[in-house]
Amino acid sequence: MANVYQKQLTSEGVSPFLINFIMYLGLSIFCLPFVWGVDFGSFSVSLWVNAILGGICGALGNSYLVRALRQGDLSVLGPINAYKSVVAMLFGIVMLKEIPSILGVLAVFLIVFGSYFVFDTQEEGFSFKLLRRDDIRYRIYALVFTAIEAVFIKNVILQSNVLISFFLWSLFGMIFTSLIVGIRRERLCHKSYFIFSRLLLVIILMGLMQYCTNFVFARLNVAYSLALFQLSTILSVILGWKFFKETQIRKKLIGSVIMVLGGTILILFN
């Protein structure tokens, strides 16, 4: 649903970078009472490095995601997120020494295979021609940055806790997104109840999403966690049809179900 509201905001001319800055700012302010009194000076250099790098990747990833939503179909861009688990698995192996099982690799293969049906609904089909489209390229940039971000977030969680990692994610995301907004001199083109209500919903829903994400990262390895999140693929297809009248839903749902099957295998055999 956060993606739906982000897409609605970009349709009203609101900058993707500004949407994310306001989202990070709102969450940072919300967190202040809960982290008041925490001795941040006691944290290790390693934690701060991971938090800063995670903030950079998160700011870039979320901004590219909203830019992709502005130009593309939610029912196509949602399923692309399946590739995040593949990227995260590779970085998880290198940085966290998380070795996936044979079934884990098979499950990720199913997730990627399912995306074939989704891409086949496009004029370019399942081919490299898709990479020429801005919406597809931006979505791929987004999933790469957010997959790398996931590794840094998990490192922060391992050295602190879910709440601290959530606050630092919000804080550094706000700092780095504010730099982009400042350089580009982004402003709200017009103000209305619709825009403010959608911005508030984005803050609430993205906050709930990220806190739940950190909670899961604390209990599962990164690749398996991100594969589990592919369950939202089916919702993306349905919401794209419901809110934006997107087409070829049946074929997209078939691909999404295959992705969910991959995610289920990861859950049951973790």
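Select Arg137 first: its relative accessible area is 25%, so Arg137 is partly exposed (buried is under 20%, exposed over 50%, partly exposed in between, with a 1.4 Å probe and protein chains only). This is a predicted model, where local features need pLDDT of at least 70, side-chain atom pairs count only at pLDDT 80 or more, and totals for chains, interfaces and linings use all residues. Residues are numbered from 1 along each chain as its sequence is written, and side-chain values use heavy atoms, without hydrogens and water.

Asp134 is partly exposed, at 30% relative accessibility.

Next, select Glu186 and Arg184. They form a salt bridge, with the closest N and O atoms 2.6 Å apart. Glu186 is buried at 13% relative accessibility; Arg184 is partly exposed at 46%. The salt bridge count is two.

Last, show the residues around the largest cavity. Asn50, Ala51, Gly54 and Gly55 are among its lining residues, as are Phe152 and Trp169 (on a 1 Å grid over the protein atoms alone, a cavity is a set of points where a 1.4 Å probe fits but cannot get out; lining residues have an atom within 4 Å of a point). H3 gives the most to this lining, with four residues.

Key:
1 Å grid on protein atoms, 1.4 Å probe; cavity = no way out; pocket = protein on both sides within 12 Å on 5 of 7 lines; lining within 4 Å. Helix = DSSP H or I, 4+ residues; strand = E, 2+ residues; numbered from the N terminus. Salt bridge = Lys/Arg side-chain N within 4 Å of Asp/Glu carboxyl O.
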